[in-house]
Amino acid sequence: MLIRGGRLVDPASRIASVRDLLISGESVKSVSKSARRTPGCQVIDASGCLVIPGLIDLHVHLREPGMPEAENVASGSRAAAAGGFTTVVCQPNTKPVLDNLETLDSLISSIAKTAKVRVLPAVALSKGLQGKQLSNIEDLAGRGARALSDDGIGTSRPRFASTIKAMPMTAPTSELSRTMAGNACHPNHAPSAASSLKSP
Ligand SMILES: [Zn+2]
């Protein structure tokens with residue numbers, strides 16, 4: 001496949017200019033100012049378009065389970081793909097809250113069946129997003145959770161903040177790096193504590 005005439009932006013190779021991209025299978029075969037088309041090669045005219053590495057959105061709401069009229073994994077991941085996002089992290093303020101193995105298993109099954117891009121689940125840091133009791137983080141991490149967040153609620157309550165501070169870092173959460181992250185999703189969302197787990 002030849003992607004021709006797009007503005008290639010690739011920080012890794014420090015390129016930000018119009019280039020032709022020749023792709024063979026799943027690999028980039030060449031990057032050049034003017035690639036020659038070989039017989040049978042599919043050509044995509046990318047004039048006026050950006051050609052970029054897959055984008056990652058760390059904060060999306062796929063509203064699954066519980067709010068299919070708003071969004072679900074299939075529709076949200078299709079929208080992500082259309083916008084150039086190849087990986088998204090979906091937030092846990094769903095109905096029910098994504099704070100237990102049963103709901104997580106169901107979501108992961110739906111992701112496997114319907115996702116159009118890579119979808120990584122963030123699970124609730126506290127049970128029911130109540131800010132009182134930690135979720136069973138170890139089990140959830142072992143079952144496919146890739147981040148923690150009390151999105152939409154926040155973790156600024158002093159008592160819960162000290163609980164988080166004292167959270168034991170044992171396997172499989174030993175590789176979890178804790179960061180306090182601002183919430184860039186919605187103006188009426190409070191800041192949330194997000195902890196990123198190891199990427200799959
Ligand atoms: Zn949010």
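A residue is called buried here if 20 or more other C-beta atoms lie within 10 Å of its own, exposed if 12 or fewer, and partly exposed in between, with C-beta atoms placed from the backbone. Keep that scale in mind for the tour. The model is a predicted one: local features need pLDDT of at least 70, side-chain atom pairs count only at pLDDT 80 or more, and totals for chains, interfaces and linings use all residues. Numbering starts from 1 along each chain as its sequence is written.

**The whole chain**

Begin with everything in view. The protein has four helices and eleven strands; helices (H or I, at least four residues) and strands (E, at least two) are DSSP runs, numbered from the N terminus. Of its 200 residues, 31% count as buried. Now think about contacts, meaning pairs whose C-beta atoms, placed from the backbone, lie within 7 Å. Among contacts in the protein with a separation of 6 or more, 66% are between residues 24 or more positions apart.

Select Leu129, in the loop between E8 and helix H3 (137–142). Its phi is near 55°, a positive value in a residue other than glycine. Is Leu129 buried or exposed? Leu129 counts as buried, with 23 C-beta neighbours inside 10 Å.

Next, go to Arg14, in the loop between strand E1 (2–10) and E2. Arg14 also has a positive phi near 55° without being a glycine, but Arg14 is exposed, with 6 other C-beta atoms within 10 Å.

Two strands pair if DSSP finds at least two bridges between them. To see one of the links, pick Asp20 and its bridge partner in E3, Ser32. The two strands form a hairpin with two residues between them, and Gly25 in the turn has a positive phi of about 65°. Colour E3 (residues 27–32) by burial: of its six residues, the number buried is zero, so the strand lies largely in the open.

**Helix H1 and its cover**

Select residues 73–82, helix H1, and highlight Val73, Gly76, Ser77 and Ala80, which are buried. Look down the helix axis: the buried residues of H1 fall within an arc of 95°, so they line one face of the helix. That arc is taken over the directions from the helix axis to the C-beta atoms. What lies over these residues? The cover includes strand E6 (55–60), strand E7 (85–90), helix H2 (101–114) and strand E8 (118–124). After H1 comes Gly84, with a positive phi near 90°.

Step back to His61, in the loop between E6 and H1. His61 is partly exposed, with 19 other C-beta atoms within 10 Å. Leaving aside neighbours within four places in sequence, which residues is His61 in contact with? They are Glu71, Cys90 and Gln91. For a distance check, draw a line from the C-alpha of His61 to that of Val88: the two residues are 27 apart along the chain, and these atoms are separated by 9.4 Å.

**Two cis bonds**

Pro65 lies in the loop between E6 and H1, and the peptide bond from Glu64 to Pro65 is cis, with omega near 10°. For the last stop, select Pro96 in the loop between E7 and H2. There, the peptide bond from Lys95 to Pro96 is cis, with omega near 0°.

Conventions:
Two residues are in contact if their C-beta atoms, placed from the backbone, lie within 7 Å.
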